Amino acid sequence: MRLATITNYAYGATVALTLVSGAVMLMASSIEEKERAAVEQRAVFDQMTSTLEEDSYRLTEHARAFAITGDPSHIIAYRREKAALRSVERRIAHLHDQGASIAELAALREGLHWADALIDEQEAAIKAAESRDQGTARKILFGDEYGRELDRVAAQIGKFQYMLDQRTENTVRQATEAARQWRLMSEIMLGATALLFLCVLYFILKQRILRPVVRLSDVVTRLAAQDYAAVPPDFPQVDEIGDMAQAIRIFRENGLERQRLEQERDADRITRDQLSRMTQRLQGCDNISDLVEVVRRFAPEIAPGFAGRLYMHDTRRNVMAQACDWLSPRQSGEEFAPTACWALRRGQTHKPTGEMVDIPCEHLAGNIVASTICIPLTAQGESIGLLYVEQPDDRTAEQISRTERYLEMLAENISLALANLRLRDALRQMAMADPLTGLANRRRFDTVFRERVIHAENAMAPLACLMVDIDHFKRFNDSHGHDAGDAVLRAVGAVLNEALREKDCAFRLGGEEFVLLMPGFAQDQAIDRAIQVQQKLQDLRVEHRGEELGPITASFGLAVFPDHGRAETLVRTADAALLRAKSQGRNQIVIATVRDVASHSA
């Protein structure tokens, strides 16, 4: 019940009890007034009846005094008193008007008749006294009969007074009892009013209003200070306090939601700042290794709790190879075929779990349905990598959806950085590679050679340099045209490119002259590898326009650090050995000697 309704009921009950109490008090007052009226009536009747009795006694005394003394003044007084008397009915009517009952008036009327009878005897005695018959007069006035009649008058008046006393006593007793009951009722009403007032004060003001308001006030104060840990008390009653508590709960929920949105906004701003920083770092990367390190460091910050791997497409082996990982992912391996991932097949993000049922990727452990996200990295419509993450179990769908958007932005930035690196590598390759053979050119050789020399001298590691020159190359151009010469150069370049496992070791210095750097190769190893290359070149069979171009041979000059001097002079020492090989008849391997080193030094 609402407080306004309770208050109205309490107010109405208080007013009703007050009115009833007032009415009871008025009734008690009227009863007391009735009691006072009865007592006053009795006093009036007593006075009237005593006057009637006194009148009878005064007339008797005047008559007796005249009969004894014969003094005429007594006769005069007697006549005056008698003249003042009214008839019985008139005297009774006055009492009737004052409220005397019929029975009381009947007793009084009989007494007055006896009093009138005494008057007749008094007149007879006065006449006898006037006739000088004093004895008769005295006999009449002092006789036994006159005394009995006088007693009858007194008895009847006494009876009237007794009846009047009984009635008055009953009236007073009833009025007193009624007044007591009404007063008791009045006190009960007053007590009930006071109790109702106390109940209103305690149960409504204190229990239903004051105590809840104090508790709500504390919660409101804490909520005003943005302390949303304050939980409003639960007041299930349907009243104003319950409405206030519900409003405060809604305010707290709105505050919590606003706080959550602010936290999400702050987290979103932090994540976007991290994405921006990562993008800047990615733009500054010079190679894939730098890019991989940036991703490995920033990915756990952008998607906290999401373990993952970054895969790169190894075009040579046609596999997706792991470039880096974070937070120890468990479901996907380090390598898999591109066709094993549905994201790479379809060119869009793939999730085997979520709102829609989907097929798990084959690269997952046991091909199980796991909470994973695969985001392809594409450049110009070509898949160049894959961003793979595993969802933690303690995240809500909203958090996962928000993180997924960040991951897509991350994948987009990685794709763009990879595309830029590929473009940069392509441009560098174009600048550093020989377009005909695909081998590194002279510019690339100078750079790599400096790096190898520094490493060899610092580590005191062996470094071999094999200079290669195709024998009689001009013959292919003159006999079959420049296209045939180009075919021979491509075939020789392919052999040299496959001579070592290490990349960036075979170079075309220009024309038909090549060089092969062999880091870590001692002289014996270098000689064996030079013999292998020589044999492969001799086994080459190159056709041009359906015609075999003939045998291909080459002259080789080999120099090894530290056997043949300083590393920085290694190329020139090998070149001197190559010149000796050509001068000695070609198609042979000449190893640098002390003479070559000395001639070079000179």
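**Exercise 1.** Which residue lies over the face of Phe 476, and at what distance from the ring centre?

*Solution.* Start with the ground rules: this is a predicted model, where local features need pLDDT of at least 70, side-chain atom pairs count only at pLDDT 80 or more, and totals for chains, interfaces and linings use all residues. Residues are numbered from 1 along each chain as its sequence is written, and side-chain values use heavy atoms, with hydrogens and water left out.

Next, the test: a charge sits over a ring if NZ of Lys or CZ of Arg is within 6 Å of the ring centre and within 35 degrees of the ring normal. Arg 475 lies over the Phe 476 face, 4.4 Å from the ring centre. Arg 345 lies over the face of Trp 342, at 4.5 Å from the ring centre.

**Exercise 2.** Work out how Tyr 311 and Phe 336 pair up.

*Solution.* Rings of Phe, Tyr and Trp (its six-membered ring) pair if their centres lie within 6.5 Å; planes under 30 degrees apart are stacked, over 60 edge-to-face, the rest tilted. That rule gives 3 aromatic pairs.

Now check burial (under 20% relative accessible area, 1.4 Å probe, protein chains only): Tyr 311 and Phe 336 are both buried.

**Exercise 3.** Describe the pair formed by Phe 445 and Phe 507.

*Solution.* The geometry is edge-to-face, with 5.1 Å centre to centre and 70 degrees between the planes. Finally, ring pairs join Phe 445, Phe 449 and Phe 507 into a cluster.

Methods:
Buried means under 20% relative accessible area, exposed over 50%, partly exposed in between (1.4 Å probe, protein chains only).
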